[in-house]
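Please look over the sequence and the structure shown here before reading on.

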There are 2 protein chains.
Amino acid sequence: MRPREILQSLSQPSPSKIVLLVMDGLGGLPREPGGRTELETARRPNMNALARTASLGLIDMVGSGITPGSGAGHLALFGYDPIEHQIGRGVLSALGIGMDVSAQDVCIRGNFCTLAEDGTIADRRAGRIPTAEAARLCEILGSAIPHIEDAQVAVVPEKEYRFVLRFRGPGLDGRVADTDPQKEGRRPLKAAAEVPEAKKTARLADIFAALAGQALKGRKPANGVLLRGFDTYPKIATLRELYGLNAACVGTYPMYRGLAKLVGMEVLTTSEEEDFATLARVLREAWPTFDYFFIHVKKTDSYGEDGNFEKKVEVIERVDAALVPAIVELGPGVLAIAGDHSTPAVVKGHSWHPVPLLLSSPFCRGGESEYGETACARGALGRFPAVELMSHLLAHSGRLAKFGA
Amino acid sequence: MRPREILQSLSQPSPSKIVLLVMDGLGGLPREPGGRTELETARRPNMNALARTASLGLIDMVGSGITPGSGAGHLALFGYDPIEHQIGRGVLSALGIGMDVSAQDVCIRGNFCTLAEDGTIADRRAGRIPTAEAARLCEILGSAIPHIEDAQVAVVPEKEYRFVLRFRGPGLDGRVADTDPQKEGRRPLKAAAEVPEAKKTARLADIFAALAGQALKGRKPANGVLLRGFDTYPKIATLRELYGLNAACVGTYPMYRGLAKLVGMEVLTTSEEEDFATLARVLREAWPTFDYFFIHVKKTDSYGEDGNFEKKVEVIERVDAALVPAIVELGPGVLAIAGDHSTPAVVKGHSWHPVPLLLSSPFCRGGESEYGETACARGALGRFPAVELMSHLLAHSGRLAKFGA
């Protein structure tokens, strides 16, 4: 039996509620060598109070030295091996723009491009047209090509010259090679099925490219499309199927809501803008209905990506002041605080550093004076793969029976 | 995908240089329970200065409680799973005496032995003849048997009654059972091929044993040979093939130079005796040419094996004074200091204790007041398998792209 099958076989019901609070890109680095990280710099009396009776640890999202993308980090937190469950670019882009994606779909990333008179690619990115222009072109394509054969077609702008193309219908398969030859001066490639099951999808893609060429004919600079990252919606056993968990997602950003839906969480309605008072209210209202809550905070990552150490610190301080007390007040059986990866401001991007974890329940060893990377490195939980976090959450909430007699 | 395939798929070039300084057998134990280890006892201001802004950790070379040989320890440091890549005794002995070994070779460990009149073994070790006498016998065999069929033969003394026999030629295979019956009073066994591909090698071994018997006829006490540990040169993907690393070895001792060559490092010329000024000069001269440097210091292990706590401390102090500043001055992007295993003076041999690791780069968390086993156990890196060190080195030098979108 593999670890997850063991967990599944030991699962049992429990009234204890689990909260997983994820501050995206939480893990950080000191600004000066030997200094304090963003988390360690933040005034965080509520998290520190929890740390005194919680168990701390460091989690590796994918593996030593591996910098995780957002999909991989979240899947690990939800208990899914991110190496086994790789989500392709098409679906991840679709989730990122809040597109509805389901099992009958193939999602594809598209570029608007400029084709020369002879049909070769003059500019793979159509002069990097602005998002607003791409949005208009997507509308034109959507009206001109509502379906191909028995498949519905949806075309939604992503950013600048990029869009997501979704085919929805029977018999689709994402194993199709890119039509983008990656070089200018060449013609777009025919969509090539990598397996016989994907022939229909490849045919639809070629028809789409031809119809798009007609619909965009004479336009400048975008008069053609290139298609990449063909991908089907991954089939993943849900948290309910695996552990009987009735799970909900409280978060604002489409990508994370999409990932939550992927593992079977109910995605609760929140505000358009990330606002901790609203997140707290939504959580409070849904409290009686679910037994697992994934709360997602995006701004820690955004400021990390910008290289803005102070603003990342500020977001952590606001989470500590506004969100943590609201969660604690509800009396969860288990509260875990973590990130989906590190986004140190000094790196201005995701990094490979393990993520600080705080796990609070009535069954904790340890206790540290603060919640931070250094304290977590010395914590009672040690350093372990993030995919094992779910085991801890299930155990601390009384959801795992004894293994063996 | 397995972890190394993932690393390989994420590899990207970077100008940042990596230095791995290995003090052989560095890990130690206190002389008195609760006291300080060799490393912790040494005056090491330069290592301690690094520790204040570096990340520390403990690495397990093979696994909990497993005492590694030198081959296993180094392969793990170079990123090769030492359980998957086991180097047989024949090849390890050949590397240990600085013998040239390559893909067409089978290496075998031999014993000079004493055969009775009836052909049975009277002494498996020929009265433990001294190395000098074995050297003379090896010369006799080398002249008498320059080749067998189309295979070149080389016979080189190792220590006392031991020698290494190397066959070089087409169609050889190391899967041959020992001819040493492990008991006196029996005849040497015929060399038995364990697979059909090894029949030729077994035949050559039997011919060699017969010819050696003729060449040594009438001598005392050594008048026969026993052959053990048949082994081919392992096929290992090089660091260049795996990660695009242009790697060099700076070290004096044949075994470690051989191991470095095995994984594709260029082995730089140094002095015959271990001399830190020379190692530093060789490193400095080669600095522009390579992007990964493995620097090997042997004496820490030698004194550990001797049970000489003070002398082991002294070697660490000299490395700190002479080698560490020379490395730091060159400005490596990443500097890792570790051992290939522990050799505590109180054990007088290799031990299973995890090895203290210091990893210094601009992307470090943590910071401790000193570099030592206890500080490493509390360090920001935690405890992890040594085979993952390469992932850290690649990550800290900017050589790993993000995993997943």
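This is a predicted model: local features need pLDDT of at least 70, side-chain atom pairs count only at pLDDT 80 or more; totals for chains, interfaces and linings use all residues.

The place to begin is where the two chains meet. The size of an interface is often given as the accessible area lost when the parts come together. Here chain A and chain B bury about 2,300 Å² between them, with 59% of that area on carbon and sulfur atoms. Of the area that chain A buries against chain B, A:Ser64, A:Trp352 and A:Arg383 supply 23%, which is more than any other three residues supply. Counted by contacts, 33 residues of chain A touch 26 residues of chain B.

On the side of chain A that touches chain B, helix H4 (70–77), helix H5 (89–96) and helix H13 (373–377) each supply at least two residues. The residues of that side of chain A divide into 15 nonpolar, 14 polar and four charged.

Side chains of opposite charge can pair when their charged atoms come close. How many salt bridges does the rule find across the interface of chain A and chain B? There is one, formed by A:Arg378 and B:Glu368, whose closest N and O atoms are 3.1 Å apart.

Over all chains, the structure holds 40 salt bridges. In the pair that crosses between chains, A:Arg378 sits in the loop between H13 and strand E14 (382–385) of chain A, and B:Glu368 in the loop between strand E13 (355–360) and helix H13 (373–377) of chain B.

Other salt bridges lie within a chain. B:Asp100 pairs with B:Arg168, the closest N and O atoms being 2.9 Å apart. This pair links distant parts of the chain, 68 residues apart, for B:Asp100 is in the loop between helix H5 (89–96) and strand E3 (105–115) of chain B, while B:Arg168 is in strand E7 (residues 162–168) of chain B. B:Asp100 is partly exposed, at 39% relative accessibility, and B:Arg168 is buried, with a relative accessible area of 18%.

A further salt bridge joins B:Arg399 and B:Asp291, with 3.9 Å between the closest N and O atoms. Here too distant parts of the chain are linked, 108 residues apart: B:Arg399 lies in the segment after helix H14 (389–396) of chain B, and B:Asp291 in the loop between helix H10 (276–286) and strand E11 (292–297) of chain B. Both B:Arg399 and B:Asp291 are buried. In chain A, salt bridges that share partners join A:Asp100, A:Asp105, A:Arg168 and A:Lys261 into one network.

The last stop is the backbone. Most residues other than glycine have a negative phi, and most peptide bonds are trans. Against that background, a cis peptide bond joins A:Lys220 and A:Pro221, with omega about -5 degrees, and another cis peptide bond joins B:Lys220 and B:Pro221, with omega about -10 degrees. A:Pro221 is placed in the loop between helix H7 (199–215) and strand E8 (224–232) of chain A, and B:Pro221 in the loop between helix H7 (199–215) and strand E8 (224–232) of chain B.

A:Glu149 has a positive phi of about 50 degrees although it is not a glycine; this residue lies in the loop between strand E5 (147–148) and strand E6 (151–157) of chain A, and is partly exposed, with a relative accessible area of 42%. B:Glu160, also not a glycine, has a positive phi of about 50 degrees, and B:Glu160 is partly exposed, with a relative accessible area of 27%.

Technical notes: Residues are numbered from 1 along each chain as its sequence is written. Chains are lettered from A and ligands numbered from 1 in the order in which they are written. Side-chain values use heavy atoms; hydrogens and water are left out. Contact means heavy atoms within 4.5 Å. Buried area is the accessible area (1.4 Å probe) that two parts lose on being put together, summed over both. A salt bridge is a side-chain nitrogen of Lys or Arg within 4 Å of a carboxyl oxygen of Asp or Glu. Helices (H or I, at least four residues) and strands (E, at least two) are DSSP runs, numbered from the N terminus. Ala, Val, Leu, Ile, Met, Phe, Trp, Tyr, Cys and Pro count as nonpolar, Asp, Glu, Lys and Arg as charged, and the others, Gly among them, as polar. Buried means under 20% relative accessible area, exposed over 50%, partly exposed in between (1.4 Å probe, protein chains only).
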